[in-house]
Amino acid sequence: MQRIKKLPRAFYERPDVTLIARELIGKVLVTRIGGEYTSGRIVETEAYAGQIDRASHAFGGRRTDRTEVMYGRGGTAYVYLCYGIHHLFNVVTHEADTPHAVLIRGIEPLEGMEVMLRRTGKVFGDKSLGRGPGNVSVALGIRTTLTGASLLGNDIYIAEDAFVFAPEDIVASPRIGVDYAGEDALLPYRFSVRGHAHVSKAPRAARTSDS
DNA sequence: ATACCGATTAACT
DNA sequence: GTTAATCGGTATA
């Protein structure tokens with residue numbers, strides 16, 4: 001394992017969720033599920049700004065059993081099931097009672113490749129491994145049972161190493177699959193590494209000027 | 001108890 | 001570009 005440092009609580013508790021989403025690009029997401037260590041470098045994220053964001057599950061201050069963890073401290077995992085099959089992993093940010101979150105949409109596989117290939121059923125070299133939030137969770141073994149877990153623990157956490165992407169290669173664009181959010185669907189809250197193979201391809205309607 | 005819908009994906013035409 | 005798959009979350013009654 002290379003030299004990496006787990007992100008501290010203070011990273012997550014800051015108030016600017018879009019800044020955090022941008023800064024998470026290039027960081028390393030690590031899981032230890034069933035004793036198996038896997039990791040990947042984050043290349044695509046989306047920010048969800050809580051009460052004031054129509055695309056957020058917590059819009060208007062809505063609180064349900066599912067969304068309760070979003071109201072916890074920054075540095076908590078929020079995992080929920082989408083379309084009945086996809087486990088989507090989010091990072092809760094800001095302080096308690098402010099339900100901001102960042103969806104992790106893409107990773108470049110780093111460690112535990114054999115485990116990830118077994119979990120996904122893909123072959124080595126398949127660039128769709130880790131591309132798209134559902135695939136990220138399959139590769140890393142993330143399931144809804146992890147919701148509420150602390151990102152300062154050992155089962156799942158985010159760390160940084162010496163690697164950084166060039167700032168000009170990190171681009172903002174509208175979020176995917178949030179057409180129901182009205183004007184908020186147009187906000188440039190999605191961050192990705194320009195041209196990276198593990199960034200999901202945006203549907204035409206949500207695409208920006210790139211390619 | 002029931003009905004509708006989704007922060008998706010893969011496989012189509 | 002279109003669509004089926006699939007089932008928990010949420011609202012409504």
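**A predicted chain and its DNA strand**

The largest nonpolar core of this predicted model has 38 residues, and L29, F89 and I104 have the most contacts inside it. Helix α2 (residues 17–24) gives the largest share of this core, four residues. A nonpolar core here is a set of buried Ala, Val, Leu, Ile, Met, Phe, Trp, Tyr and Cys residues joined through side-chain atoms within 4.5 Å. Buried means under 20% relative accessible area, exposed means over 50%, and partly exposed lies in between, with a 1.4 Å probe and protein chains only. Apart from this core lies another, of 16 residues, among them A58, V69, C82 and A181.

Because the model is predicted, local features need pLDDT of at least 70 and side-chain atom pairs count only at pLDDT 80 or more, while totals for chains, interfaces and linings use all residues. Residues are numbered from 1 along each chain as its sequence is written, chains are lettered from A and ligands numbered from 1 in the order in which they are written, and side-chain values use heavy atoms, with hydrogens and water left out.

Chain A has four helices and nine strands. Both are DSSP runs numbered from the N terminus: helices are H or I with at least four residues, strands are E with at least two. From the N terminus on, the order is β-α-α-β-β-β-β-β-α-α-β-β-β. A compact globule of 211 residues would have a radius of gyration near 17 Å, and the 16 Å of chain A agrees with that. This radius is taken over C-alpha atoms, and the globule rule is 2.2 Å times the number of residues to the power 0.38. Along the principal axes, the C-alpha atoms fill a box of roughly 45 × 40 × 35 Å. Of the 211 residues, 52% count as buried. Among contacts (heavy atoms within 4.5 Å) between residues at least 6 apart in sequence, 64% join residues at least 24 apart.

I104, one of the core residues named above, shows such contacts in detail. Not counting residues up to four places away in sequence, I104 touches L24, L29, I42, E44, T45, F89, V91, P133 and V136. P133 and V136 are among the buried residues of α4, together with G134, S137, A139 and L140. Six of the eight residues of α4 are buried, so this helix is largely enclosed by the rest of the structure. The cover over its buried residues includes β2 (28–33), β3 (36–48), β5, β6 and α3 (113–120). Just after α4, G141 takes a positive phi of about 75 degrees.

The next topic is the DNA. DNA strand B is surrounded by 21 residues, of which Y80, Y83, H86, N90 and Y180 are the closest. Sugar and phosphate make up 48% of the atoms of DNA strand B that come within 4 Å of the protein; a residue is near a strand if one of its heavy atoms lies within 4 Å of it. The surface near DNA strand B takes at least two residues from each of β5 (86–93), β6 (100–111) and α4 (133–140). Its residues divide into eleven nonpolar, eight polar and two charged.

A polar side-chain atom of H86 lies 2.5 Å from a base oxygen of DNA strand B. In the side chain of N90, an N or O atom is 2.2 Å from a base nitrogen of DNA strand B. The backbone also takes part: a polar backbone atom of G134 is 3.0 Å from a phosphate oxygen of DNA strand B.

Leaving aside neighbours within four places in sequence, T76 is in contact with R9, N90, V91, V92, G148, A149 and L151. T76 is buried, with a relative accessible area of 11%. Its side chain reaches the backbone oxygen of R73 at 2.8 Å.

H198 is found in the segment after β9 (190–193) and is buried, with a relative accessible area of 7%. A polar atom of the H198 side chain lies 3.5 Å from the backbone oxygen of L129.

E36, in strand β3, is partly exposed, with a relative accessible area of 25%. Beyond four places in sequence, E36 touches T31, V115, R118 and R119. The side chains of E36 and R118 are joined by a polar contact of 2.4 Å. A polar contact is a pair of N or O atoms within 3.5 Å; within protein, one must be able to donate a hydrogen and the other to accept it, and residues adjacent in sequence count only if both atoms are side-chain atoms.

Terms used. Ala, Val, Leu, Ile, Met, Phe, Trp, Tyr, Cys and Pro count as nonpolar, Asp, Glu, Lys and Arg as charged, and the others, Gly among them, as polar.
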